[in-house]
Amino acid sequence: PSARSQTAGQSNARLRLGVLPRAATRPTSDSEATVSVTPPPGFFRRAAFATLLGVALVHCALYPWVYGTTYTALAIVAYALPAGCAAAFAFWHVAKSAGDERAGWGLLAVALTATLVADVTWNVVSRVQGEPGYPTLFDGPYLASYAFYVAGLGVLVSPLWRILDRRWALDAGAMLAVAAGLVWHFVLPRGSGGFAETSVSFAYLLLDLGFLGVAVSAIYRSRITVRQALLLAAAATFAIGDLWYYFQPEAFDGAWNVGLWLIAVAAVVPAGLSFRLPMRRLVRSGALPYAVVAVMAGVTLFERSRGHVDDLLIAGVAALCLVVARQFLSLRRALAVQREESAFREAVLESQSELGLAMVIVEDGRVVFANGAAERVTGLDAARLRALPSVQDLAFEADRDGWASWLAEPTVADDIRLERPDGQVVELEVVGRRLHGPGEPRLLIVGRDVTARRNRLQA
């Protein structure tokens, strides 16, 4: 290459790397020039996202060893960090979004703010006076925040009023019935220490079922984005963390920290980024309700040898009824689809007949189907056509040998003359195609009456 082309290539390479030409820089001395490098598009957004993700991972890893066992000022700030970040991003979304998006993030902003204020107040009171007992006045704001969480996540993740497939309700109902039975049998007794404690525990567990319902129903969306998947995971994490509390209290705060960070990360993920949920088709097929009912049956049989299982039996029967109803709805839906397809095929055949395209289906040499146009062309109704000993009887007597040859190998279009009962001879252009399927082989014949056109040409 010439020296000029080498120089041009070097200049283009410098421009692609973001380096400005020497003439566009401001020299600091006679021998030096300032070099400017432009960051790629989206660099700062990706850097901020990576920073947020790193902070979330470190924060979750440090709990409870660093800030989960003390009530120092630094520990209180560290404990409030995920709720504070998520609340800030939620208010940011409220300011820049509209419609359902704004409503969902608005509900989450209220829930996150309530969680932040309650957490800080709880930690301050615990530092000054010691940890309050259970239940306390703090449970009121916490329960209210739970309701706002369920509503906000439901609007953002599972807009149920837009889902046409209503089978999600029966699937979610079956799984929630099983979950309610298991919670009533195994979890609620651990939180029963009187009427007040039992009532508050029952309220928490009822709202946890709301979290699970949101997560299950979201699977039936036609498309799940990464943001919706993170919010779905947050709802499931909240429910699991609450249930885990009754077996290992330390896991409750850790699970909620993860759920709050998931909301914060979801807020900064691009809205249009799609997500392929593993085994989503299997879940939507109805296998999940059967699986949870089978698990419920196994747990009931195991617990039967240890004591009463009335609550498990009631929950299992309710879930089984919902599964049966789901199958009935699926069958009804399949029949409706079949009826729509049949109506569509009939409309197509009727339109074809109105256009003058005669169609017959031949099986074992006899007519088994004929549309209206075939009846008009031949002068015979469908019953008389099906009663013919052979389709060859339709042809003009002098043309029957040729008609028989074409029926044996209907690979190309051909002409045929038919003799109607009134003695009129009709000329047709016909095409045929073998129909391959279950049962006897069939032949589809489509013809058009060209008698008038031929008479005009001859005239």
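At 37% relative accessibility, Arg442 counts as partly exposed. This residue of the predicted model forms a salt bridge with Glu363. The closest N and O atoms of the pair are 2.8 Å apart. Glu363 belongs to strand β3, residues 357–363. Arg442 belongs to strand β7, residues 442–449.

The Glu363–Arg442 pair sits within a total of 8 salt bridges in the structure. Asp399 and Arg417 form another such pair, with a closest N to O distance of 2.7 Å. Here too, distant parts of the chain are linked, the partners being 18 residues apart. Asp399 lies in the loop between α13 (382–386) and α14 (400–408). Arg417 lies in strand β5, residues 414–419. Both partners have intermediate accessibility. Asp399 is partly exposed, at a relative accessible area of 23%. Arg417 is likewise partly exposed, at 31%.

A further salt bridge joins Arg454 to Glu429, with 3.5 Å between the closest N and O atoms. Arg454 is in helix α15 (residues 451–458) and Glu429 in strand β6 (residues 425–435), so the bridge ties together parts that are 25 residues apart in sequence. Glu429 is partly exposed, with 32% relative accessibility. Through shared partners, salt bridges join Asp415, Glu427, Glu429, Arg453 and Arg454 into one network.

The chain as a whole gives the setting for these pairs. The protein chain has 459 residues, of which 38% are buried. Its secondary structure comes to 15 helices and 7 strands. Contacts between residues at least 6 apart in sequence were also examined. Of these, 64% join residues at least 24 apart.

Empty space was considered next. Rolling a probe the size of a water molecule over the atoms shows where such space is left. The largest pocket holds about 920 Å³ of space. Its lining comprises 35 residues. Those nearest the pocket centre are Tyr79, Trp122, Tyr245, Phe252 and Asp253. Elements giving two or more residues to this lining are α3 (73–96), α4 (99–129), α5 (139–157), α7 (195–218), α8 (226–245) and α9 (250–268). The largest share comes from α9, which supplies 6 residues. By residue class, the pocket lining divides into 19 nonpolar, 9 polar and 7 charged.

A search of the whole structure for cavities of 30 Å³ or more returns 1. The largest cavity contains about 140 Å³ of space. It is lined by 15 residues. Val360, Leu394, Leu418, Leu428 and Ile445 lie nearest the cavity centre. At least two lining residues come from each of β3, α12 (372–378), β5, β6 and β7. The cavity lining divides into 13 nonpolar and 2 polar residues, with no charged residue.

Thr115 lies in helix α4. Thr115 counts as buried because its relative accessibility is 4%, where buried means under 20%. Its side chain makes a polar contact of 2.9 Å with the side chain of Tyr149. Leaving aside residues up to four places away in sequence, Thr115 touches Ala83, Ser145 and Tyr149. Helix α4 is also one of the elements that line the largest pocket.

Ser353 is placed in helix α11, residues 310–354. Ser353 is also buried, with a relative accessible area of 4%. Its side chain reaches the backbone nitrogen of Ala373 at 2.8 Å. With residues up to four places away in sequence excluded, the contacts of Ser353 are Asn371, Gly372, Ala373 and Arg376.

Definitions and conventions
Residues numbered from 1 in each chain as written. Predicted model: local features only at pLDDT ≥ 70, side-chain atom pairs only at ≥ 80, totals over all residues. Heavy atoms only, no water. Salt bridge = Lys/Arg side-chain N within 4 Å of Asp/Glu carboxyl O. Helix = DSSP H or I, 4+ residues; strand = E, 2+ residues; numbered from the N terminus. Buried < 20%, exposed > 50% of the residue type's maximum accessible area, 1.4 Å probe, protein only. 1 Å grid on protein atoms, 1.4 Å probe; cavity = no way out; pocket = protein on both sides within 12 Å on 5 of 7 lines; lining within 4 Å. Points joined across faces, edges and corners; volume = space filled by probe spheres on them. Nonpolar A, V, L, I, M, F, W, Y, C, P; charged D, E, K, R; others polar. Polar contact = N/O pair within 3.5 Å; in protein donor to acceptor, adjacent residues only side chain to side chain. Contact = heavy atoms within 4.5 Å.
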